[in-house]
Amino acid sequence: MAVPAPRASILVVEDDDAMRAVLTEELSDASYAVRSAAGAAAGLELARAERFDLVITDLRMPEMDGIMLIREARKIPSCRFIPILVLTTESQAAKRIEAKAAGATGWLVKPVTTETLIQVLGKVIPE
């Protein structure tokens, strides 16, 4: 039996090992091709080397936060117009506005169900 082609390629940037593993597994189980990075610098390195259809990033990370990652990712030609979602425990309106101004497409507050995440991805990833 042939394995179906992945629906889209997603880069997950999350410093928490457990959360990164859960996201990677859930998205892979939903037929997405997933690469992950444990921090913003590693995520940007992957974004420069590979092409992704979407980036999911945490907001609070040690060396560089998600908003700075978004600003830097938007400078990479292959990331200029792809959706970037912030997945965080943070719910302050000011942070959402700052992320949007940096180039974020959307904002999800943890914890998020797999079903909700997959629904959002279906809405923001170009066909």
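Reader: Let's start with Ser9. Which strand is Ser9 found in, and is Ser9 buried or exposed?
Author: This is a predicted model, so everything here is read from computed coordinates. Ser9 sits in strand E1. Its relative accessible area is 16%, and the cut-off for buried is under 20%. Ser9 therefore counts as buried.

Reader: On to helix H2. Why do its buried residues line one face of the helix?
Author: The buried residues of H2, which spans 40–49, are Ala40, Gly43, Leu44, Leu46 and Ala47. Looking down the helix axis, they line one face because they fall within an arc of 160°.

Reader: Which exposed residues does the face of H2 turned away from its buried side carry?
Author: The buried residues of H2 pack against strand E1 (9–13), strand E2 (33–37) and H3. On the face turned away from that buried side, the exposed residues are Glu45, Arg48 and Ala49.

Reader: What about the largest nonpolar core: which of its residues touch the most other members?
Author: In soluble globular proteins, nonpolar side chains tend to be buried together. The largest such core here has 25 residues, and those touching the most other members are Leu11, Val13, Val55, Leu69 and Val86. At least two residues of this core come from each of E1, H2, H3, strand E4 (84–88) and helix H4 (93–102). There is also a second, separate core of 17 residues, including Leu27, Tyr32, Leu117 and Ile118.

Reader: Which residues does Val55 touch, not counting residues up to four places away in sequence?
Author: Val55 is one of the residues that touch the most other members of the largest core. With residues up to four places away in sequence set aside, Val55 touches Leu11, Val13, Leu69, Ile82, Pro83, Ile84 and Leu85.

Reader: Where does the largest share of the lining of the largest cavity come from?
Author: The lining consists of Leu11, Val13, Gly43, Leu44, Ala47, Val55, Leu69 and Ala73. E1, H2 and H3 each supply at least two of the lining residues. The largest share, three residues, comes from H2.

Reader: Which residues does Met64 touch, not counting residues up to four places away in sequence?
Author: Met64 is placed in the loop between strand E3 (54–57) and H3. Met64 and Leu54 are ten residues apart in sequence, with 19 Å between their C-alpha atoms. Leaving out residues up to four places away in sequence, Met64 touches Ala40, Leu44 and Leu69.

Reader: Last one, Glu72. What length has the polar contact that joins the side chains of Glu72 and Lys75?
Author: Glu72 lies in helix H3, residues 66–73, and is partly exposed at a relative accessible area of 22%. The polar contact between the side chains of Glu72 and Lys75 is 3.0 Å.

Conventions. Residues are numbered from 1 along each chain as its sequence is written. This is a predicted model: local features need pLDDT of at least 70, side-chain atom pairs count only at pLDDT 80 or more; totals for chains, interfaces and linings use all residues. Side-chain values use heavy atoms; hydrogens and water are left out. Helices (H or I, at least four residues) and strands (E, at least two) are DSSP runs, numbered from the N terminus. Buried means under 20% relative accessible area, exposed over 50%, partly exposed in between (1.4 Å probe, protein chains only). A polar contact is a pair of N or O atoms within 3.5 Å; within protein, one must be able to donate a hydrogen and the other to accept it, and residues adjacent in sequence count only if both atoms are side-chain atoms. The arc is that of the directions from the helix axis to the C-beta atoms. Contact means heavy atoms within 4.5 Å. A nonpolar core is a set of buried Ala, Val, Leu, Ile, Met, Phe, Trp, Tyr and Cys residues joined through side-chain atoms within 4.5 Å. On a 1 Å grid over the protein atoms alone, a cavity is a set of points where a 1.4 Å probe fits but cannot get out, and a pocket is an open set with protein on both sides within 12 Å along at least five of seven lines; lining residues have an atom within 4 Å of a point.
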